[in-house]
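Hi,

Here is the structure I promised to pass on.

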Amino acid sequence: MPSLQEKIKSIASSLLTVIDASSAEELNYKAIPETWSILECVEHICLVNGNVGKLIQAPPPSSPPATENKPSELYSEGKLNHLLVNKREMKRVSPKFVEPKGIFKSAEEAKTVIGKETEQLLHVLNTTDIARQTHTIPHHALGEMTKTDWIHFMIAHTQRHLLQIEDIKNKYRTTVG
């Protein structure tokens, strides 16, 4: 079974491949103004991943909670994939702090941020045993999650948006090109 580090490398590679395979027009295409472009999807992914990176770097609480959580995962990787990837028809409104603001003007800017975030996440996972940190951190929609859950969430969330990006590319091809 691949390690969390291998899974992070793989999903980051998939994201970079999609960016590289997209023209500038595809990267900025919006079927309707209210939807996100590919670059905006990538920005959203980066905002979420950056926040997950901060969460997993945070030290555990100094005193254990009254009811300490024992397992390293409350959600399994499979359950998070099911909720986020297989049930894409369930739409959620992103919290404001992870909504894209249009900061990426080019593929290169996006790729640079993806590379830096991936390196930071891998460094944390290579230097910290997050599976031993079983305290929970709340997710706005899913509830309490361990740090390991947050990593699985981040990977499944990226996969969900990779599928959304493919939908955008298909819409672009049938509408414009």
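Let's start with Lys-169, which counts as buried because its relative accessibility is 3%. (Buried means under 20% relative accessible area, exposed means over 50%, and partly exposed is in between, using a 1.4 Å probe and protein chains only.) Before you go further, note that this is a predicted model: local features need pLDDT of at least 70, side-chain atom pairs count only at pLDDT 80 or more, and totals for chains, interfaces and linings use all residues. Residues are numbered from 1 along each chain as its sequence is written, and side-chain values use heavy atoms, with hydrogens and water left out.

You'll find Lys-169 in helix H6, residues 147-175. (Helices are DSSP runs of H or I with at least four residues, numbered from the N terminus.) What does Lys-169 touch, not counting residues up to four places away in sequence? The list is Val-18, Ala-21, Ser-22, Glu-26 and Ile-38, where contact means heavy atoms within 4.5 Å. Lys-116 is 53 residues from Lys-169 along the chain, and their C-alpha atoms are separated by 26 Å.

Next up is Glu-117, in helix H5 (residues 107-127). Glu-117 is buried too, yet has no salt bridge. (A salt bridge is a side-chain nitrogen of Lys or Arg within 4 Å of a carboxyl oxygen of Asp or Glu.) The nearest side chain of opposite charge is Lys-54, 8.2 Å away; here Lys and Arg count as positive, Asp and Glu as negative, and His and the chain ends are not counted. If you leave aside neighbours within four places in sequence, Glu-117 is in contact with Cys-46, Asn-49 and Gly-50.

Now see how H5 packs with helix H1, which covers residues 4-20. Their axes are 10 Å apart and the angle is about 180°. (Axes are lines fitted to C-alpha atoms, for helices over the stretch in contact, and angles run from 0 to 180 degrees between N-to-C directions.) H1 and H5 are therefore roughly antiparallel to each other, a label used for angles over 145 degrees. Among the residues that meet are Leu-4, Ile-8 and Leu-15 on the H1 side, and Ala-107, Ile-114 and Leu-121 on the H5 side. The residues of this contact divide into 12 nonpolar, three polar and three charged. (Ala, Val, Leu, Ile, Met, Phe, Trp, Tyr, Cys and Pro count as nonpolar, Asp, Glu, Lys and Arg as charged, and the others, Gly among them, as polar.)

On to the salt bridges: how many does the structure hold? There are seven. One of them joins Asp-20 and Lys-111, with the closest N and O atoms 2.6 Å apart. Asp-20 sits in H1 and Lys-111 in H5, so this pair ties together parts that are 91 residues apart in sequence. Asp-20 is exposed at 52% relative accessibility, while Lys-111 is partly exposed at 21%.

Lys-30 pairs with Glu-40 in another salt bridge, the closest N and O atoms being 3.2 Å apart. Lys-30 is in the loop between helix H2 (24-28) and helix H3 (38-57), and Glu-40 is in H3, 10 residues apart. Lys-30 is partly exposed at 33%, whereas Glu-40 is buried at 16%.

Finally, Lys-96 and Glu-99 meet in a salt bridge at 3.7 Å, N to O. Lys-96 is exposed at 64%, and Glu-99 is partly exposed at 23%. Salt bridges that share partners also join Asp-20, Glu-108 and Lys-111 into one network.

Cheers

Terms used:
Helix = DSSP H or I, 4+ residues; strand = E, 2+ residues; numbered from the N terminus. Parallel < 35°, antiparallel > 145°, perpendicular 65-115°, else oblique.
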